[in-house]
Number of protein chains: 2
Amino acid sequence: MDIQLKRGLLEVCVLAAIADEDSYGYKIIKDMKPYIELSESTLYTILKRLETADMLSVRTAEHEGRLRKYYHITPAGRKRIEEFKSDWAEMLSIYRFVTKEDESHVENNIPCGP
Amino acid sequence: MDIQLKRGLLEVCVLAAIADEDSYGYKIIKDMKPYIELSESTLYTILKRLETADMLSVRTAEHEGRLRKYYHITPAGRKRIEEFKSDWAEMLSIYRFVTKEDESHVENNIPCGP
DNA sequence: CGTAATACATCGTATCGCGAAGTATAGTAT
DNA sequence: ATACTATACTTCGCGATACGATGTATTACG
């Protein structure tokens with residue numbers, strides 16, 4: 001997949017990966033892998049960025065002798081996901097512009113989003 | 001709209017704007033405006049990039065005393081649009097991961113893509 | 001005993017969108 | 001007449017970002 005296309009999804013995917021339950025770096029990468037791949041350096045950069053933006057909080061815990069940093073989504077993080085959902089409508093409109101699909105008689109677009 | 005989300009669309013939108021008939025910078029911006037906005041500096045950078053990548057060809061013509069550079073899409077440019085269409089399926093899959101939509105019983109996804 | 005997997009961190013690089021500023025002409029308003 | 005707006009293209013530099021390379025440290029496995 002085109003790298004530029006990935007850019008807008010990475011951050012929100014990381015948030016989605018911790019939305020249901022707290023998670024840690026290595027697990028996030030594995031959970032995201034079927035959908036979108038990212039390197040460790042990218043992930044930890046994103047996590048740091050999201051923490052600075054107060055979209056997640058961090059808690060360090062020991063797990064079998066190793067340290068793990070568990071990430072927890074904040075209300076701001078959930079808001080970010082909601083904003084992505086509204087952006088999706090715009091994305092669809094642009095997609096149709098590119099593919100020259102007729103936008104006027106689209107009735108059933110449920111699978112694409114709200 | 002999120003800037004990062006825009007990134008993957010800009011290039012392919014410019015190609016879409018010249019796909020039906022040759023166009024020039026200023027007109028491309030105006031045609032794209034209802035869907036996605038971009039500054040002149042961005043556009044001309046993209047046009048140069050697409051030209052280098054052989055996705056479009058350029059022809060200079062005079063129009064009412066002023067010079068215009070008309071851009072014409074090449075087969076490589078059309079291929080780029082086709083690749084975007086296939087990428088869209090992946091995008092949808094990621095969208096559903098983020099929104100936790102059930103991917104298993106999606107039958108009618110016509111309005112979203114091919 | 002070495003290799004792979006787990007787990008996190010940092011640095012430098014390349015790409016890219018965009019604001020700012022510049023050049024030039026044609027049409028419109030004051 | 002003069003100023004402003006629209007048209008049309010160009011270049012520079014900044015900031016954001018993804019990622020490969022590299023490093024550190026522990027556990028598990030053969």
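The model is predicted: local features need pLDDT of at least 70 and side-chain atom pairs count only at pLDDT 80 or more, while totals for chains, interfaces and linings use all residues. Residues are numbered from 1 along each chain as its sequence is written, chains are lettered from A and ligands numbered from 1 in the order in which they are written, and side-chain values use heavy atoms, with hydrogens and water left out.

**Sheet of chain A**

- Three strands of chain A form an open sheet in the order β1-β3-β2, with antiparallel pairing; helices (H or I, at least four residues) and strands (E, at least two) are DSSP runs numbered from the N terminus, and two strands pair if DSSP finds at least two bridges between them.
- β1 (23–24) and β2 of chain A are the edge strands, each with a single partner strand, so one side of each has no neighbour in the sheet.
- α3(A) packs on this sheet and touches β2 and β3 of chain A (contact means heavy atoms within 4.5 Å).
- The direction of α3(A) makes about 125 degrees with that of β2(A); axes are lines fitted to C-alpha atoms, for helices over the stretch in contact, and angles run from 0 to 180 degrees between N-to-C directions.
- Strands β2 (residues 56–63) and β3 (residues 66–73) of chain A run antiparallel and are joined by eight bridges.
- L56(A) has I73(A) as its bridge partner in β3(A), and E62(A) is partnered by L67(A).
- The hairpin of β2(A) and β3(A) has two residues between the strands, and E64(A) in the turn has a positive phi of about 50 degrees.

**Salt bridges**

- Over all chains, the structure holds 12 salt bridges, defined by a side-chain nitrogen of Lys or Arg within 4 Å of a carboxyl oxygen of Asp or Glu.
- R59(A) forms a salt bridge with D22(A), with the closest N and O atoms 3.1 Å apart.
- This pair links distant parts of the chain, 37 residues apart: R59(A) lies in strand β2 and D22(A) in the loop between α1 (3–17) and β1 of chain A.

**Surface near DNA strand C**

- Among the 23 residues around DNA strand C, E40(A), R68(A), K69(A), R7(B) and R66(B) come nearest (near means a heavy atom within 4 Å).
- An N or O atom in the side chain of R68(A) is 2.5 Å from a phosphate oxygen of DNA strand C.
- R7(B) places a polar side-chain atom 2.7 Å from a sugar or linking oxygen of DNA strand C, and R66(B) places one 2.7 Å from a base oxygen.

Notes
A polar contact is a pair of N or O atoms within 3.5 Å; within protein, one must be able to donate a hydrogen and the other to accept it, and residues adjacent in sequence count only if both atoms are side-chain atoms.
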